[in-house]
Amino acid sequence: SPSRRSSPPRKKELTAKMMRKTFAFATLLAAASALQLGFKPVVAPKLSMPKVPTPVVAAATAASTAMLNAQVAVAGGQSEGTGLTLGIDDGRETIVLTVVFFGFFWLYYNWAKDQPDSNSDFFGEYDERRL
């Protein structure tokens with residue numbers, strides 16, 4: 001059998017192969033252009049804030065913090081799922097908790113005011129040179 005030489009590809013096959021490569025390149029180019037930022041971001045103009053004195057800001061911050069912390073307990077934030085403030089669902093519990101709290105406070109206050117030398121530092125007498 002005579003040896004067959006490979007015939008050169010036909011023009012139709014070259015055109016189809018070139019079209020596939022061109023389409024793949026165009027698709028890749030379209031995908032890459034989709035990832036680019038298409039517009040320049042608009043920067044908002046700088047607003048000038050009125051100068052507020054620092055003590056006023058500090059006082060407002062402290063007051064709002066204190067009020068918000070109190071609102072959590074009053075709003076039922078400590079309700080343990082009952083929806084009631086501190087989980088208290090009976091008026092007698094309120095009375096007992098109040099009496100017990102202020103009773104212990106009164107006992108501690110009376111004990112603390114009778115303690116000698118309550119204005120000095122507990123570790124003030126410590127001398128590091130002595131062992």
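Helices are DSSP runs of at least four residues, numbered from the N terminus. By this rule the elements of the protein chain run α-α-α from the N terminus on. The chain holds 3 helices and 0 strands. The model is predicted.

The mean pLDDT of the protein chain is 76. A value of 70 or more is reached by 65% of the residues. Among the elements, helix H2 (residues 54-74) has the lowest mean pLDDT, at 78. Helix H3 has the highest, at 91. Where pLDDT is low, the predicted coordinates should not be read in detail.

Burial was considered next. The protein chain has 131 residues, of which 4% count as buried. The chain exposes about 13,300 Å². Carbon and sulfur atoms supply 65% of that area.

Aromatic contacts were then examined. A search of the whole structure finds 3 aromatic pairs. One of them joins Phe101 and Phe102, whose ring centres lie 5.0 Å apart. The planes of these two rings stand at 75 degrees, so the pair is edge-to-face; the cut-off for this class is over 60 degrees. Phe101 has a relative accessible area of 52% and is therefore exposed, as the limit for that class is over 50%.

Another pair is formed by Phe105 and Tyr109, with ring centres 6.3 Å apart. Here the planes lie at 15 degrees, so the pair is stacked; stacking requires planes under 30 degrees apart. Both residues lie in helix H3 (residues 91-113). Phe105 and Tyr109 are 4 residues apart, about one turn of the helix. Phe105 counts as partly exposed, at 48% relative accessibility. Tyr109 is also partly exposed, with a relative accessible area of 47%.

Of its members, Val96 lies in helix H3.

Charged contacts complete the description. Side chains of opposite charge can pair when their charged atoms come close. The structure holds 1 salt bridge. In this salt bridge the side chains of Asp90 and Arg92 meet, at 2.7 Å from N to O. The contact counts as a salt bridge because the cut-off is 4 Å between a side-chain nitrogen of Lys or Arg and a carboxyl oxygen of Asp or Glu. Asp90 has a relative accessible area of 28% and is partly exposed. Arg92, at 60% relative accessibility, counts as exposed.

How values were computed:
Residues are numbered from 1 along each chain as its sequence is written. This is a predicted model: local features need pLDDT of at least 70, side-chain atom pairs count only at pLDDT 80 or more; totals for chains, interfaces and linings use all residues. Side-chain values use heavy atoms; hydrogens and water are left out. Helices (H or I, at least four residues) and strands (E, at least two) are DSSP runs, numbered from the N terminus. Buried means under 20% relative accessible area, exposed over 50%, partly exposed in between (1.4 Å probe, protein chains only). Accessible areas come from the Shrake-Rupley method with a 1.4 Å probe; for residues, only the protein chains shown count as cover. Rings of Phe, Tyr and Trp (its six-membered ring) pair if their centres lie within 6.5 Å; planes under 30 degrees apart count as stacked, over 60 as edge-to-face and the rest as tilted. pLDDT is the predictor's confidence in each residue, from 0 to 100.
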